[in-house]
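Colleague: I am new to this one. Could you show me how to read it, feature by feature?

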Amino acid sequence: MASGAGEWSAEQIDDYETLISTTDVELLKRAWRNEKASPEILPFEEALVKRAKEQIQLMEETVDDFAESGHDPLIASLYQMDLDRAQFLLRSYLRVRLQKIEKFMFHIWKMDTYRNRLSIEEEKFTERCIRDIGKYLEETVLSKLPDNYQSVLKQSIISEEDDMVPEPQLDTFVVAKCERATRPLYLDGSRQSASFDSRDDHFQMVPGDLCILRYRPFQEELMSGNISLV
Amino acid sequence: MAGQSDPHISLFSAEEVEFMAEDELIEIVPNMRMDPLNFICGDFGPFLPQIASQVPLWLAVALKKRGKCAIRPPQWMSVENLTRVLEGERESQGAFQVLPFHYVEISRLLFDHAREDIPDMYMVRSLIEDIRDVRIHKVETSLEKFSGTSAVKIPNLSAMEVNIIRPFVGRALQAFYKHDNPEKIPDVDRASSAQTRAANNEPRRQLRR
């Protein structure tokens, strides 16, 4: 086995180095790109969003102070630009998530894995969205249809599944950049196993690699930060 | 090429791609004195006249617009290097030369805001345009060899090139995948209607017959 203890510690050092050299803006940008590019909703970056909010608030106060104290207008405008950029990222990140929630609200609500990925506010939003859309469809259309066709979730009562609920299409293709070396992965989604050598459909990336991938088999790599979407 | 001209189906708009490129670091030579800037996106400076300093591109452009600095074009933007890259692109049909991920956006921003800081500006510009054209052409021809698979490496492709081919290649690979695995996506109609829905943001669904 080639992967000894030494390799792991090198990886951990790498992690530590990226951690201290990466700003929250950089992390937020990655989260924003991932969220924009992935077909499903990703776990909410709670700690990151909290930190970004605090930093934005601090910066807003600084910029206000500049304006009041008649500081050099050039410096004030530069700080304002930095603030605008951070705010744009945060807003866009939150907005992309809301769009996804609006698109897949019934599905998200039904599945615990997805529901757990929402923030408290997003959960409230989803709940209200479902209630309002349900009420709206009820009043405008469903109540006027024959008895068997009145469900928001099903085409008719003979449907066994909720076949009127849009689901994210996980077999879409995304463009990904490798951040950390990933373990070899079979393209059917299974992990490395004892029969590794007998199969030739495994795929491995090294940092910096750019690939077009089917989203589903690489979900875990994305969540663990081994790859990021671009 | 299919899908490349419609901005609505691109995942990232041209402005968003530019926004990302603006965080790339570049060297400036200020002509004034300024205290360090402690930004949310990092700390930069202090700035002293004639002393070179690394800043994000957006900050460089902002200072340049106000006449506070000169921008030093990055190494790869020299005529020599670009000539070599262009030759390399023309010679190897399969592979792409190494250029920064955001080379198109960075050079565009510098041409727009810092013309006088770029030596041989017209030469540099036409070289970059040629490189772009050759690369895009190569992308298109290499697409002809694409076949159904779950993962394709696209080494050295740039952000702009990725953005252009994404809608088309993504859909093509998905179609390959669908035909190879009919059992995995049983309801083909439904999957393809999900595609259109994603594209035009309009909820629409196929009624069951």
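Modeller: Gladly! Let us begin with pLDDT, the predictor's confidence in each residue, from 0 to 100. This is a predicted model, where local features need pLDDT of at least 70, side-chain atom pairs count only at pLDDT 80 or more, and totals for chains, interfaces and linings use all residues. Residues are numbered from 1 along each chain as its sequence is written, while chains are lettered from A and ligands numbered from 1 in the order in which they are written.

Colleague: Where in chain B does pLDDT stay under 50?

Modeller: Residues 1-7 of chain B stay under 50. The model has 9 contacts for them beyond four places in sequence, a contact being two residues whose C-beta atoms, placed from the backbone, lie within 7 Å. Residues 186-207 of chain B are also below 50, with 16 contacts beyond near neighbours in sequence. For chain B the mean pLDDT is 84, and 82% of its residues reach 70 or more. The model's scores are ipTM 0.84 and pTM 0.85.

Colleague: How many residues does each chain bring to the contact between them?

Modeller: Chain B brings 32 residues and chain A brings 32 residues. Helices (H or I, at least four residues) and strands (E, at least two) are DSSP runs, numbered from the N terminus. Among the elements of chain B that each supply at least two residues to this side are strand E2 (37-39), helix H2 (57-65) and helix H6 (159-180). H6(B) gives the most, with 8 residues.

Colleague: What classes of residue make up the side of chain B that touches chain A?

Modeller: Ala, Val, Leu, Ile, Met, Phe, Trp, Tyr, Cys and Pro count as nonpolar, Asp, Glu, Lys and Arg as charged, and the others, Gly among them, as polar. Here that side has 24 nonpolar, 4 polar and 4 charged residues.

Colleague: How is a pair of packed helices described?

Modeller: By the angle between their axes and the distance between the axes. Axes are lines fitted to C-alpha atoms, for helices over the stretch in contact, and angles run from 0 to 180 degrees between N-to-C directions. H2(B) packs against helix H4 (residues 103-113) of chain B at about 5°, with the axes 11 Å apart. H2(B) and H4(B) are therefore roughly parallel, the word used for angles under 35 degrees. Leu57(B), Val61(B), Lys64(B) and Lys65(B) of H2(B) meet Ile106(B), Leu109(B) and His113(B) of H4(B).

Note on methods. Parallel < 35°, antiparallel > 145°, perpendicular 65-115°, else oblique.
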